[in-house]
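Subject: Structure handover

Hello,

Here is the structure for you to look over. My notes follow below it.

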Amino acid sequence: MFRTIFIFFLFLFSSNIYSQIKPYVLFNAKGKKVSHNRMMRKLAKADIVLFGELHDNPIAHWLQYKITAELNGQRFLILGAEMFEADNQILLNKYLNEEITFKGLDTLARLWPNYKTDYAPLVDFAKRKKLPFIATNIPRKYANLVYKNGFSILESLNTEEKEWIAPLPIPFDSELPTYKNILSMMGDHGSPELVMAQAIKDATMAHFILKNYKNNHLFLHFNGAYHSDFYEGILWYLKRDKANLNYVTISTVSQENLKKLLPENHQKADFIICVDSDMTSTY
């Protein structure tokens, strides 16, 4: 009897410890806690999933890999990411097809500084499983041109360069709340051109997602959360061109308390990964 009671209290004590150190909780858009399995069921039915990350958050990167591996057993996948620029697609394809080594990719492509820890696992998964991986982002030099000059400068690009961006002219709604918020966050450093630089990234990523999407496939796209938060950014452009597809969004946030999703994080996405703010960063 004493042994049974001891084991029971040991179980309660252990459960309490583990519940306190859980590093993240999943919520839906309304702030209700949801299970990983429930999220996966909805993701598995989607045409396009936008996975919004915090670039230095290890939980987001771990879940990106875990979700990709799980979905690969259920759907035909196409992967894509903000972290690769469209003019590097040939190099990325050569790496996936084992025509060049990682050293070659690292030397020739513009990989992010945290590529090895945060994105290489996804690319190497695609390589092993023979999945396409799409470089969706605008080459940074053209985004910088827009930041300095606005959209009009893009007309001066040659035919080849225009293949690496969304078709001109670029639709643009400066009144979208997330775009207006950029100006308020940046204060005196904000400008209409800064917002346009964000928009050309969103438009270009949406363009290459739809260009490479195939019927009966699931396109899983990885991007900074702000590019798809509140169902704007990339999703705004996707829905302009293909409103009939089934889109699901994920966002990542950081909070001190995981028991309840803060009001400002409600409606950021269909699923919100709420990570303990004590979690270490990848860089």
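How many helices and strands does the protein have? There are 11 helices and seven strands. Please keep in mind that this is a predicted model.

Overall form first. The radius of gyration is 21 Å, close to the 19 Å that the globule rule gives for 283 residues, so the protein is as compact as a globular protein of that length. Its C-alpha atoms fill a box of roughly 85 × 45 × 35 Å along the principal axes. Of the 283 residues, 49% are buried. Among contacts with a separation of 6 or more, 73% join residues 24 or more positions apart.

Now the surface. The protein exposes about 14,900 Å², and carbon and sulfur atoms supply 55% of that. It carries 33 positive and 29 negative charges, whose mean positions are 9 Å apart.

Next, helix α11, which spans residues 234-241. Ile 234, Leu 235, Trp 236, Tyr 237 and Leu 238 are buried there. The buried residues of α11 pack against strands β2 (48-53), β5 (217-224) and β6 (247-255). They also pack against helices α9 (177-186) and α10 (192-212).

Last, Thr 136. This residue sits in strand β4, residues 133-137. Is Thr 136 buried or exposed? Its relative accessibility is 0%, so Thr 136 counts as buried. Beyond its neighbours within four places in sequence, its contacts include Gly 80, Phe 84, Met 205, Phe 208 and His 221. Ala 81 is also in contact with Thr 136. The backbone oxygen of Ala 81 lies 3.0 Å from a polar atom of the Thr 136 side chain. Thr 136 and Ala 206 are 70 residues apart in sequence, yet 7.7 Å apart in space, C-alpha to C-alpha.

Best wishes

Notes
Residues are numbered from 1 along each chain as its sequence is written. This is a predicted model: local features need pLDDT of at least 70, side-chain atom pairs count only at pLDDT 80 or more; totals for chains, interfaces and linings use all residues. Side-chain values use heavy atoms; hydrogens and water are left out. Helices (H or I, at least four residues) and strands (E, at least two) are DSSP runs, numbered from the N terminus. The radius of gyration is taken over C-alpha atoms; the globule rule is 2.2 Å times the number of residues to the power 0.38. Buried means under 20% relative accessible area, exposed over 50%, partly exposed in between (1.4 Å probe, protein chains only). Contact means heavy atoms within 4.5 Å. Accessible areas come from the Shrake-Rupley method with a 1.4 Å probe; for residues, only the protein chains shown count as cover. Lys and Arg count as positive and Asp and Glu as negative; His and the chain ends are not counted. The place of a charge is taken as NZ of Lys, CZ of Arg, CG of Asp or CD of Glu. A polar contact is a pair of N or O atoms within 3.5 Å; within protein, one must be able to donate a hydrogen and the other to accept it, and residues adjacent in sequence count only if both atoms are side-chain atoms.
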